[in-house]
Amino acid sequence: STTQASGTSGADSLTYFDAVRFPVIGKIYPDSLPFFSRIPYFLKPTTREAVWNLGQNSAGIAVRFRSDSPVIAVKWENTFNNSMKHMAPVGIKGLDLYCFIDGKWRFVNSAQPSGKTNQWQIISGMNAAEREYMLYLPLYDGIHSLQIGVAAPSHIGQPSLPYPDTRKPIIFYGSSITQGACASRPGMAATNLIGRKLNVETINLGFSGNAFIDYEVAEMMAHVDASAYVLDYVPNASPGQILEKTEKFVRILREKHPDVPLIFVEDPIFPHSKFDLRMAKEIKDKNDAMNQAFSSLKKQGLKKIYLVKGRSLISANGESTVDGIHFTDCGFEQYVDAILP
């Protein structure tokens with residue numbers, strides 16, 4: 001169905017429509033509230049507080065729609081109005097618009113935030129042709145409300161193409177790197193890059209500084225009939241947690257989905273560990289623990305399990321990060337090249 005922009009709203013002479021009327025991808029529980037959050041209200045009592053709070057960030061969530069409007073604009077209110085020294089505001093609390101054209105998703109432009117309440121014209125000057133769009137939401141903030149603006153007499157409606165494929169999503173569990181730190185804009189987070197490359201729905205369960213192999217996260221993941229689970233918790237988890245909790249976490253996933261592939265990811269060999277000997281030892285200890293846990297699973301006869309080596313996640317020249325740990329856009333592209341095969 002389509003909705004005609006028959007009137008105007010606001011000084012920019014566009015008509016705005018609530019984004020909740022369009023399909024949303026990247027959520028485990030599609031209709032749950034808060035609508036643009038990753039962890040819903042009903043799981044708050046059983047979820048560790050820090051994880052639930054981070055679950056209100058909208059990392060990996062996107063809105064799908066189509067329109068023939070020559071202009072696409074947005075109005076949105078962020079939940080927190082977060083800011084960080086080492087990450088661009090567009091990545092933290094801005095939006096990214098993509099269009100499906102010539103058989104692939106192509107970047108259109110970003111919506112730049114000015115604070116908690118925002119309005120931005122993403123693109124103008126287009127011919128009035130029907131197009132399929134995907135609007136990525138913020139990586140390190142939440143969305144309290146979101147409206148999409150089009151120019152009269154254009155229309156906006158439900159997508160006509162079943163892309164990305166939502167039948168068997170890929171679910172990623174991990175740290176701040178998984179959540180998207182420090183991509184310059186939402187579309188450059190690894191989960192979103194992989195989703196576009198494969199044209200499949202991805203679900204981002206990256207919880208900054210809090211990937212401690214929480215069993216309630218495994219229960220959430222097991223709720224979805226996924227095509228793969230990517231387990232990238234080593235940057236946050238201690239060697240002890242890796243050895244003590246990996247087996248039970250895997251058992252929760254495999255009890256409901258015995259054949260789903262599990263892709264474990266080592267800690268990246270962060271560039272500054274070449275100089276910081278304490279960091280180098282920490283990385284080695286964590287990766288040794290991950291390899292020990294992985295070998296144990298193998299000996300138990302688990303099939304379809306894979307381990308991505310940490311050295312492959314970082315470019316050889318060491319130019320992949322903002323702060324020695326968190327990836328730039330180039331770093332995320334390198335990370336994706338390592339994970340994707």
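Predicted model: local features only at pLDDT ≥ 70, side-chain atom pairs only at ≥ 80, totals over all residues.
Before anything else, a word on contact, which here means that heavy atoms lie within 4.5 Å. Residues are numbered from 1 along each chain as its sequence is written, and side-chain values use heavy atoms, with hydrogens and water left out.

Let me begin with the overall picture. The protein has eight helices and 16 strands, where helices (H or I, at least four residues) and strands (E, at least two) are DSSP runs numbered from the N terminus. Its radius of gyration, taken over C-alpha atoms, is 20 Å, close to the 20 Å that the globule rule gives for 341 residues, so the protein is as compact as a globular protein of that length; the rule itself is 2.2 Å times the number of residues to the power 0.38. Along the principal axes, the C-alpha atoms fill a box of roughly 65 × 45 × 40 Å.

Of the 341 residues, 56% count as buried, and by that I mean under 20% relative accessible area, with exposed meaning over 50% and partly exposed in between (1.4 Å probe, protein chains only). If we take the contacts between residues at least 6 apart in sequence, 79% of them join residues at least 24 apart. As for charge, the protein has 35 positive and 33 negative side chains, and the centres of the two sets lie 2 Å apart; Lys and Arg count as positive and Asp and Glu as negative, while His and the chain ends are not counted, and each charge is placed at NZ of Lys, CZ of Arg, CG of Asp or CD of Glu.

Helix H5, residues 215-222, has Val 217, Ala 218, Met 220, Met 221 and Ala 222 buried. What do the buried residues of H5 pack against? They pack against H1, strand E12 (165-174), strand E13 (200-206), strand E14 (228-232) and helix H6 (239-256). Helix H4, residues 190-198, is mostly covered, with seven of its nine residues buried, among them Leu 193, Ile 194 and Arg 196. Just after H4 comes Asn 199, which takes a positive phi of about 55 degrees.

Ile 213, in the loop between E13 and H5, has a positive phi of about 60 degrees although it is not a glycine, and at 0% relative accessibility Ile 213 counts as buried. Asn 81 also has a positive phi, near 60 degrees, and lies in the loop between strand E5 (72-78) and helix H2 (89-93), but Asn 81 is partly exposed, with a relative accessible area of 32%.

There are cis peptide bonds to point out as well. One joins Ala 152 and Pro 153, with omega about 5 degrees, and Pro 153 is found in the loop between strand E10 (143-151) and strand E11 (155-157). The peptide bond from Ala 181 to Cys 182 is also cis, with omega near 5 degrees, and Cys 182 is found in the loop between helix H3 (176-179) and H4.

Since we have reached a cysteine, how many disulfides does a search of the whole structure find? The search finds zero, a disulfide being a pair of cysteine sulfur atoms within 2.5 Å. For Cys 182, the nearest cysteine sulfur, that of Cys 330, is 14 Å away. Cys 182 is buried, with a relative accessible area of 5%, and Cys 99 is buried too, at 8%.

I will finish with two loop residues. Ser 58 is found in the loop between helix H1 (49-54) and strand E4 (62-67), and Ser 58 is buried, with a relative accessible area of 0%. Not counting residues up to four places away in sequence, Ser 58 touches Phe 36, Leu 137, Pro 138, Asp 141, Gly 142 and Ile 143. Pro 70 lies in the loop between E4 and E5 and, at 23% relative accessibility, counts as partly exposed. The C-alpha atoms of Pro 70 and Met 126 are separated by 4.4 Å, although the two are 56 residues apart along the chain. Leaving aside neighbours within four places in sequence, Pro 70 is in contact with residues including Ile 123, Met 126 and Ala 151.
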